[in-house]
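Look at the structure below and follow the chain from one end to the other.

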Amino acid sequence: MKKFQFRLQVVLDIKEKLLEQKLLELSKVQRSLQEAVQKQRTLEGYQQEINEALMNVFQSGNDLDLVEVQRYKDFINKLIVDISNQKVVIQNISKVLELKRKEVNEVLKEKKVLEKLKENQKKKYYQSYEHYQTRELDDIASARYARV
């Protein structure tokens, strides 16, 4: 009897490569999300530093330089806009990340189905092989018994 061969092995191999590709894409999106979150934290840190610097200018007791105060306020407003833009970027990346996760899950399901099919076919093959061997042994035993 010939060796077991899974007819859909090529498809299974393709699914495995596709899964690797999707996992790589997922990791890239996760990395970009982490970078975006880090950028938002950095911007928020800048905002906090500028707020503290502005408070120090007010609390210093020195004469207020209105131009300097206006620069601080303008920079704070720019940071607020940048932070809100970064939040939108993070939301968009999160949506892409969710789509990539769904793609990975879908390919993983397809791969598992093929693996299960392969396992079932392998099990049936070995059962039929065992049945074939049993018949062969029975035939040999019958032939020997008939000669005696």
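Are α1 and α2 roughly parallel or roughly antiparallel to each other? The model is a predicted one. Two packed helices are described by the angle between their axes and the distance between the axes. Here helix α1 covers residues 9-59 and helix α2 covers residues 66-147. The two pack at an angle of about 165 degrees, and their axes are 7 Å apart. An angle over 145 degrees counts as roughly antiparallel, and α1 and α2 are therefore roughly antiparallel to each other. The crossing of α1 past α2 is left-handed. Sorted by class, the residues in the contact of α1 with α2 are 33 nonpolar, 8 polar and 16 charged.

Turn now to the aromatic rings. The structure has 3 aromatic pairs. One of them joins F4 and Y125: the ring centres are 5.5 Å apart and the planes stand at 50 degrees, so this pair is tilted. F4 lies in the segment before α1, while Y125 belongs to helix α2, so the pair links distant parts of the chain, 121 residues apart. Both F4 and Y125 are buried.

Y125 also pairs with Y126. Their ring centres are 5.2 Å apart and their planes are at 75 degrees, so this pair is edge-to-face. Are these two residues buried or partly exposed? Y125 has a relative accessible area of 16% and is buried, whereas Y126, at 43% relative accessibility, counts as partly exposed. Together, F4, Y125, Y126 and Y129 make up one aromatic cluster.

Definitions and conventions
Residues numbered from 1 in each chain as written. Predicted model: local features only at pLDDT ≥ 70, side-chain atom pairs only at ≥ 80, totals over all residues. Heavy atoms only, no water. Axes fitted to C-alpha atoms, helices over the stretch in contact; angles between N-to-C directions. Helix = DSSP H or I, 4+ residues; strand = E, 2+ residues; numbered from the N terminus. Parallel < 35°, antiparallel > 145°, perpendicular 65-115°, else oblique. Left-handed = near helix turned anticlockwise from the far one by under 90°. Nonpolar A, V, L, I, M, F, W, Y, C, P; charged D, E, K, R; others polar. Phe/Tyr/Trp six-rings, centres within 6.5 Å; stacked < 30°, edge-to-face > 60°. Buried < 20%, exposed > 50% of the residue type's maximum accessible area, 1.4 Å probe, protein only.
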